[in-house]
Amino acid sequence: TNLGAHIDTKLGRQLKVNSPILEESQLGAIEKQSTSDGGVEAHILDTTFLLSIEKLDETSVEYANKMRDALKALLMQAEEAAKKGGIIIVSDRNIGTDRVAIPDMIVVAAIRKHLIAKDLMRNVSIVADSCQASGTHEIAALLSVGASAVYPRGAYEKVHEFAETNPKFEGKSAKEHYTSYHHGVEKTLLKIMGKVGITDINNYS
């Protein structure tokens with residue numbers, strides 16, 4: 001999987017990763033890259049907005065208005081990032097009792113559509129750092145709507161929690177559990193790609 005600007009643009013630096021499913025160390029390395037050292041610039045965009053969980057009502061006008069405003073602001077941030085080129089990381093890691101996340105499928109699809117309309121999509125790749133992606137279906141869906149790679153934060157957290165509370169998995173390190181999950185998701189993605197006739201993950205979306 002190639003991350004960054006398309007190679008035929010003036011912002012053509014790219015980063016190659018061996019899988020569209022990122023590990024924690026890979027995400028950290030991508031975020032810390034420096035363009036001065038020849039790296040690909042990473043732009044981290046927060047996909048959460050201020051709203052108390054106690055007041056959360058997804059059918060309310062307040063929720064709809066706040067999400068709409070947050071999405072508009074996010075699109076403007078993505079546009080500015082795309083003008084510089086590199087990797088846009090959309091992240092809901094700040095989700096909490098007073099912050100709600102825009103659905104990541106909406107985020108990725110909306111940013112891709114907006115940047116295509118502005119003729120800027122060729123300058124960047126989108127990485128989804130998602131607490132919402134908890135399984136292969138969600139990951140595949142994010143890739144299909146425009147993400148070049150996914151860090152399934154929510155899935156890794158569930159794997160960690162399950163391993164800690166299940167005696168059957170005692171003696172194994174957290175990394176071993178993550179690796180097993182990682183390989184399982186990759187295997188399923190390959191099956192999906194095979195069924196729809198795709199041989200390159202870069203052509204998934």
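A residue is called buried when its relative accessible area is under 20%, exposed when that value is over 50%, and partly exposed in between. Keep that cut-off in mind during this tour of a predicted model.

**Stop 1: colour by confidence**

Begin by colouring the protein chain by pLDDT, the predictor's confidence in each residue on a scale from 0 to 100. The mean for the chain is 83, and 80% of the residues reach 70 or more. Select strand β1, residues 2-4, where confidence is lowest at a mean of 73, and then move to α3, where confidence is highest at 97.

**Stop 2: a pair of rings joining a strand and a helix**

Next, select phenylalanine 49 and tyrosine 63 and show their side chains. How many aromatic pairs does the model hold? The count comes to two, and phenylalanine 49 with tyrosine 63 makes up one of these pairs, with ring centres 6.1 Å apart and planes at 50° to each other, an arrangement that counts as tilted. Phenylalanine 49 belongs to strand β4 (residues 48-50) while tyrosine 63 belongs to helix α2 (residues 61-84), so the pair ties together parts that lie 14 residues apart in sequence. Phenylalanine 49 has a relative accessible area of 6%, and because this is under 20% the residue counts as buried. Tyrosine 63, at 7% relative accessibility, is buried too.

The other pair to select is tyrosine 151 with tyrosine 156, which is also tilted, with 5.3 Å from centre to centre and 55° between the planes. Are these two tyrosines buried or exposed? Both tyrosine 151 and tyrosine 156 are buried.

**Stop 3**

**Stop 4: the largest cavity**

Rolling a probe the size of a water molecule over the atoms shows where empty space is left. In this model the count is one cavity of 30 Å³ or more, and the space inside the largest cavity is about 50 Å³. To find the largest cavity, select the residues that line it, namely Thr47, Val90, Ser91, Asp92, Asp104, Val107, Asp129, Ser130 and Gln132. Strand β5 (86-91) and helix α3 (104-117) each contribute at least two residues to this lining. By type, the lining of the largest cavity divides into four polar, three charged and two nonpolar residues.

**Stop 5: helix α4 and what it touches**

Select helix α4, residues 136-145, in which Thr136, Ile139, Ala140, Ala141, Leu142 and Leu143 are buried. After α4 comes glycine 146, whose phi is positive, near 140°. Now zoom in on threonine 136, which is in helix α4 and which counts as buried because its relative accessible area, 19%, is under 20%. Setting aside residues up to four places away in sequence, threonine 136 touches Val185, Thr188 and Ile192.

**Stop 6**

Apart from neighbours within four places in sequence, valine 185 is in contact with Ile21, Thr136 and Ile139. The C-alpha atom of valine 185 is separated by 9.3 Å from that of histidine 137, although the two residues are 48 residues apart along the chain.

Finish with leucine 189, another residue that lies in helix α6 and that counts as buried, at 4% relative accessibility. What does leucine 189 touch, not counting residues up to four places away in sequence? Its contacts are Pro20, Ile21, Ile139, Ala140 and Leu143. Drawing a distance from leucine 189 to histidine 137, C-alpha to C-alpha, gives 8.9 Å for residues that are 52 residues apart in sequence.

Conventions. Residues numbered from 1 in each chain as written. Heavy atoms only, no water. 1 Å grid on protein atoms, 1.4 Å probe; cavity = no way out; pocket = protein on both sides within 12 Å on 5 of 7 lines; lining within 4 Å. Points joined across faces, edges and corners; volume = space filled by probe spheres on them. Helix = DSSP H or I, 4+ residues; strand = E, 2+ residues; numbered from the N terminus. Nonpolar A, V, L, I, M, F, W, Y, C, P; charged D, E, K, R; others polar. Buried < 20%, exposed > 50% of the residue type's maximum accessible area, 1.4 Å probe, protein only. Contact = heavy atoms within 4.5 Å. Phe/Tyr/Trp six-rings, centres within 6.5 Å; stacked < 30°, edge-to-face > 60°.
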